[in-house]
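Hi,

Here is the structure I promised to pass on. Have a look at it first, and then read my notes on the strands and salt bridges below.

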Amino acid sequence: MMTRRNFVGALAALTAMAGTGIGTLLMRPKVAVKEIGPEVLTTLEGQAVMLRSPAGAHLPATVTGVRTLRTRSVPGAPATVQMSLLVKARDPETKAGLYRLESDDLVLDTLHFMPVGRSGNERRLEAAITRIV
């Protein structure tokens, strides 16, 4: 009979041999909203991702664009970084809402996505984040 210690050791060996297989599924870092920055978002561009709603829906999608705009501080207003994450869902009729974005490498905390563009194949979902720096 296999003990828990033997099982964990076997799982560690399997993960080491598989390279990215089970290890990346179990060890993907979760990025909280307050930690999302341009350096995190740019790594997602062009990747296939999964949008997961709080209700349990799993929607395959692709990150089609990441844009960052930095503004300087002026008297009375702080410097900001505005980030936009554009995602094309496989289903063009995907509704606006809260989704957690998961890629092979990481998991972004729940963001609010809004549809932008024309209906049909041109439709994208956009999450906008503004940071005071």
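Let me start with the charged side chains: Arg52, Arg100 and Glu102 are linked in a network of salt bridges. By salt bridge I mean a side-chain nitrogen of Lys or Arg within 4 Å of a carboxyl oxygen of Asp or Glu.

Before the details, some housekeeping. This is a predicted model, so local features need pLDDT of at least 70 and side-chain atom pairs count only at pLDDT 80 or more, while totals for chains, interfaces and linings use all residues. Residues are numbered from 1 along each chain as its sequence is written, and side-chain values use heavy atoms, with hydrogens and water left out.

Arginine 52 and glutamate 102 form a salt bridge whose closest N and O atoms are 2.6 Å apart. Arginine 52 lies in strand S2 and glutamate 102 in strand S5 (residues 97–102), so this pair ties together parts that are 50 residues apart in sequence. (Strands are DSSP runs of E, at least two residues, numbered from the N terminus.) Glutamate 102 also forms a salt bridge with arginine 100, with the closest N and O atoms 2.5 Å apart.

How accessible are these residues? Glutamate 102 counts as buried, at 8% relative accessibility. Arginine 52 is partly exposed at 23%, and arginine 100 is partly exposed at 29%. The cut-offs are under 20% relative accessible area for buried, over 50% for exposed, and partly exposed in between (1.4 Å probe, protein chains only).

The structure holds 3 salt bridges. One of them joins lysine 30 to aspartate 109, the closest N and O atoms being 3.9 Å apart. Lysine 30 lies in strand S1 (residues 30–31) and aspartate 109 in strand S6 (residues 107–116), so the pair ties together parts 79 residues apart in sequence. Lysine 30 is exposed, with a relative accessible area of 53%, whereas aspartate 109 is partly exposed at 24%.

Now the strand pairing (two strands pair if DSSP finds at least two bridges between them). S2 (residues 48–52) pairs with S3 (residues 58–71) in the antiparallel sense over 5 bridges, and leucine 51 stands opposite leucine 59 in S3. S2 and S3 form a hairpin with 5 residues between them, and glycine 56 in the turn has a positive phi of about 105°. On to S4 (residues 80–89): 10 bridges join this strand to S3, and the two run antiparallel. There, arginine 70 stands opposite valine 81 in S4.

Cheers

How values were computed:
Helices (H or I, at least four residues) and strands (E, at least two) are DSSP runs, numbered from the N terminus.
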